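Please keep the sequence and the coordinates in view while reading.

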Amino acid sequence: MRRPFIAGNWKMNLNRAEAVALAEGLKQAAAAVDYADIAVCPSFVYIDAVAQALKGSNVGVGAQDCYFEGNGAFTGEVSVEMLKDIGCTYVILGHSERRHIIGESSELTNKKLKAVLAAGLIPILCIGEMLEQREAGATDDVNAEQFFGSLAGLTSDDMKKVVIAYEPVWAIGTGKVATPEQAQEVHAKVRQLIEFRFGKDVADAVRIQYGGSMKPGNAAELLAQADIDGGLIGGAALKVDSFMGIIEAAKTTEL
Ligand code: PGA
């Protein structure tokens with residue numbers, strides 16, 4: 001069975017002292033967790049400090065984005081090589097805030113994803129529809145476009161290393177969580193897309209996280225769904241107690 005994976009997306013939050021304190025708190029609180037993979041993704045500028053604080057713990061570190069080129073003349077960008085150098089294992093890619101606020105395409109996400117895989121890091125690829133797209137009945141089309149576009153050119157071996165996060169945009173930071181049934185329906189369809197494109201073995205192995213207002217109070221029900229293998233957590237990842245509440249919910253579910 002797929003091992004649960006709970007990742008915190010800290011977004012553009014916290015200062016240095018708060019980020020380090022949160023990491024130290026998690027290191028302690030999560031020390032006995034052996035049933036799930038755990039990671040936190042701070043802002044670029046605090047990754048180094050957080051990675052230092054988490055040394056020797058079972059909490060991994062990731063970035064929230066990267067650039068696809070190797071080191072060179074790309075003012076303002078951060079390479080995968082740099083992320084690896086400071087202790088990152090994961091990189092979130094194609095988050096809806098990057099797609100819809102910054103304007104990133106699936107094509108650009110695809111380039112970044114290939115660079116992350118080439119460096120031996122693990123991409124967490126976000127896909128998800130907006131409210132008006134769901135209301136227009138376009139949920140499956142939007143997710144398929146983001147899926148095929150962001151994963152173009154990958155081999156099945158590459159795909160085995162990818163984590164997908166299904167994040168309905170209307171549920172992110174809004175308190176409007178998808179019902180377990182709504183989430184499961186899309187997760188099952190995403191798994192079918194993986195099977196169609198990469199084969200059944202890969203589809204059975206790839207972890208699909210749910211993201212969008214996941215909290216300790218709704219995590220167990222979501223994580224109990226057959227195709228929900230973890231969570232990508234925003235707001236609730238900013239406090240040790242709420243993040244741990246979600247991690248603990250992964251223990252009680254058959255994933
Ligand atoms: P949220 O964010 O948990 O605050 O809704 C999730 C995400 O955007 O990854």
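With which side chain does the side chain of Asp227 make a polar contact? In this predicted model, the partner is the side chain of Gln184, at 2.7 Å.

Asp227 is located in a loop that runs between helix 11 (216-223) and strand 8 (230-233). Its relative accessibility is 13%. Because the cut-off for buried is under 20%, Asp227 counts as buried despite its place in a loop. When neighbours within four places in sequence are left aside, the residues in contact with Asp227 are Arg2, Gln184, His187, Ala188, Arg191 and Ile208.

Ile194 belongs to the largest nonpolar core, which has 74 residues. Leu151, Met159, Ile164 and Ile194 are the members with the most contacts inside that core. Another core, of 11 residues, lies apart from it and includes Cys41, Ile92, Val163 and Ala165. In soluble globular proteins, nonpolar side chains tend to be buried together.

The buried residues are Ser242, Phe243, Met244, Gly245, Ile246, Ile247 and Ala249. They pack against strand 1 (5-9), helix 1 (16-29) and strand 2 (37-41), and also against helix 11 and strand 8. Helix 11 and strand 8 are the elements on either side of the loop that holds Asp227.

Technical notes
Residues are numbered from 1 along each chain as its sequence is written. This is a predicted model: local features need pLDDT of at least 70, side-chain atom pairs count only at pLDDT 80 or more; totals for chains, interfaces and linings use all residues. Side-chain values use heavy atoms; hydrogens and water are left out. A nonpolar core is a set of buried Ala, Val, Leu, Ile, Met, Phe, Trp, Tyr and Cys residues joined through side-chain atoms within 4.5 Å. Buried means under 20% relative accessible area, exposed over 50%, partly exposed in between (1.4 Å probe, protein chains only). Helices (H or I, at least four residues) and strands (E, at least two) are DSSP runs, numbered from the N terminus. A polar contact is a pair of N or O atoms within 3.5 Å; within protein, one must be able to donate a hydrogen and the other to accept it, and residues adjacent in sequence count only if both atoms are side-chain atoms. Contact means heavy atoms within 4.5 Å.
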